[in-house]
Every structure is written in structure tokens, then in C-alpha cells.
Amino acid sequence: QVQLVESGGGLVQTGGSLLLSCAASGRIFSINAMGWYRQAPGKQRELVATITSGGSTDYADSVKGRFTISRDNARNTVYLQMNSLKPEDTAVYYCNAKLRLFAWSREYDYWGQGTQVTVSS
């Protein structure tokens with residue numbers, strides 16, 4: 001069974017930094033894109049950043065220049081370095097992986113359980 005386990009959330013003051021990590025484990029053939037999404041209270045879940053297996057990245061405009069996504073393919077782990085945090089970054093952050101369980105299977109979406117990030121003003 002595939003699991004995505006996130007860590008690194010917490011409470012930080014405006015201007016501070018946090019590093020989120022997400023490790024995928026289980027019977028996995030390959031992982032294509034990995035990414036981070038977030039959902040603030042009363043809002044829809046939104047894309048924060050994604051990274052392909054080849055290292056191509058994409059960011060939401062609101063986090064460009066402040067957040068950096070990276071991954072360790074050997075460890076099936078994706079990271080999100082968040083700098084210059086703002087109160088509007090407060091949300092539950094979810095890890096996502098688009099992966100294949102077998103060589104012949106289609107791609108599936110897997111999600112982590114979410115980790116709370118709170119930025120105080």
C-alpha cells in the first residue's frame with residue numbers, strides 16, 4: 001500500500017521559514033510529478049508548486065521567489081522550502097504524487113494527510 005507522509009509544518013512568524021518534506025513509500029514502480037497543494041479555511045485547494053521526475057518546476061504566482069520545490073528521486077521524497085512567509089500562506093499543505101504501481105498500470109494520484117502551516121502576523 002502506498003503512503004505519502006508529510007512533516008515539517010508548524011507555527012512561524014511573518015518573514016520566517018519552514019521546510020516541508022513528503023516521503024512516498026510502498027510498492028511503487030515510478031513517480032512522475034510530485035507537488036504541494038494547500039487549502040486555507042473556507043477556500044478551495046490550490047496548487048503551490050510541482051516538480052517532474054526530470055526536475056522541471058512550476059509555481060503559483062503567489063509563492064514565486066519565496067518557495068522552492070525539490071525532490072530526491074532515490075528516496076521518493078519531495079521538499080518545499082518556504083521563505084519570507086506571510087499570514088496569507090496559512091493553510092493545510094498537502095503532498096501529491098502521480099505514480100504508477102506497475103509498469104503496465106495507469107498513473108494514479110496519491111495524497112498525503114496534510115500538515116498545518118500557520119504564519120502569525
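These are my notebook entries on a predicted model of one protein chain.

**Ground rules**

I number residues from 1 along each chain as its sequence is written.

**Entry 1: overall build**

I looked up the secondary structure first. The protein chain has zero helices and 11 strands. Helices (H or I, at least four residues) and strands (E, at least two) are DSSP runs, numbered from the N terminus.

Next I checked the dimensions. The C-alpha atoms fill a box of roughly 50 × 25 × 25 Å along the principal axes. A compact globule of 121 residues would have a radius of gyration near 14 Å, and the protein chain agrees because its value is 14 Å. That radius is taken over C-alpha atoms, and the globule rule is 2.2 Å times the number of residues to the power 0.38.

I then asked how much of the chain is buried. Of the 121 residues, 40% count as buried. Buried means under 20% relative accessible area, exposed over 50%, partly exposed in between (1.4 Å probe, protein chains only).

I also looked at contacts, meaning heavy atoms within 4.5 Å. Among those between residues at least 6 apart in sequence, 55% join residues at least 24 apart.

**Entry 2: strand pairing**

I traced an open sheet of four strands in the order β1-β3-β8-β7, with antiparallel pairing. Its edge strands are β1 (3-7) and β7, each pairing on one side only. Neighbouring strands of this sheet are turned by 15° against each other on average, direction ignored. For such angles, axes are lines fitted to C-alpha atoms (for helices over the stretch in contact), and angles run from 0 to 180 degrees between N-to-C directions. Two strands count as paired if DSSP finds at least two bridges between them.

Within this sheet, six bridges join the antiparallel strands β7 and β8. Asp-72 stands opposite Thr-77 in β8.

I moved on to β11. Strand β2 (residues 10-13) pairs with β11 in the parallel sense over four bridges. There, Gln-13 has Ser-120 as its bridge partner. β9 pairs with β11 in the antiparallel sense over three bridges.

Thr-115, Val-117 and Val-119 make up the covered face, and Gln-116, Thr-118 and Ser-120 the uncovered one. In a regular strand the side chains alternate between the two faces of the sheet.

**Entry 3: disulfide**

I searched the whole structure for disulfides, pairs of cysteine sulfur atoms within 2.5 Å. There is one. Cys-22 and Cys-95 form it, with their sulfur atoms 2.1 Å apart. The pair links distant parts of the chain: Cys-22 is in strand β3 (residues 18-25), Cys-95 is in strand β9 (residues 91-100), and they are 73 residues apart. The link is left-handed, with -80° about the S-S bond. Both Cys-22 and Cys-95 are buried.

**Entry 4: nonpolar core**

I define a nonpolar core as a set of buried Ala, Val, Leu, Ile, Met, Phe, Trp, Tyr and Cys residues joined through side-chain atoms within 4.5 Å. The largest has 31 residues, and Trp-36, Leu-80, Met-82 and Tyr-93 have the most contacts inside it. Strands that each supply at least two of its residues include β5 (46-51), β7 (67-72) and β8 (77-82). β9 gives the most, with five residues.

Leaving aside neighbours within four places in sequence, I found Tyr-93 in contact with residues including Glu-6, Trp-36, Tyr-37, Leu-80, Met-82 and Val-117.

**Entry 5: Tyr-37**

I found Tyr-37 in strand β4 (residues 30-39). Buried or exposed? Tyr-37 counts as buried because its relative accessibility is 18%. Beyond four places in sequence, its contacts include Leu-47, Val-92, Tyr-93 and Trp-111.

**Entry 6: positive phi**

Most residues other than glycine have a negative phi. I noted Asn-76, whose phi is near 50°. Asn-76 lies in the loop between β7 and β8, and is partly exposed at 24% relative accessible area. Ser-84 also has phi near 50°. Ser-84 sits in the loop between β8 and β9, and is partly exposed at 39%.

How values were computed:
This is a predicted model: local features need pLDDT of at least 70, side-chain atom pairs count only at pLDDT 80 or more; totals for chains, interfaces and linings use all residues. Side-chain values use heavy atoms; hydrogens and water are left out.
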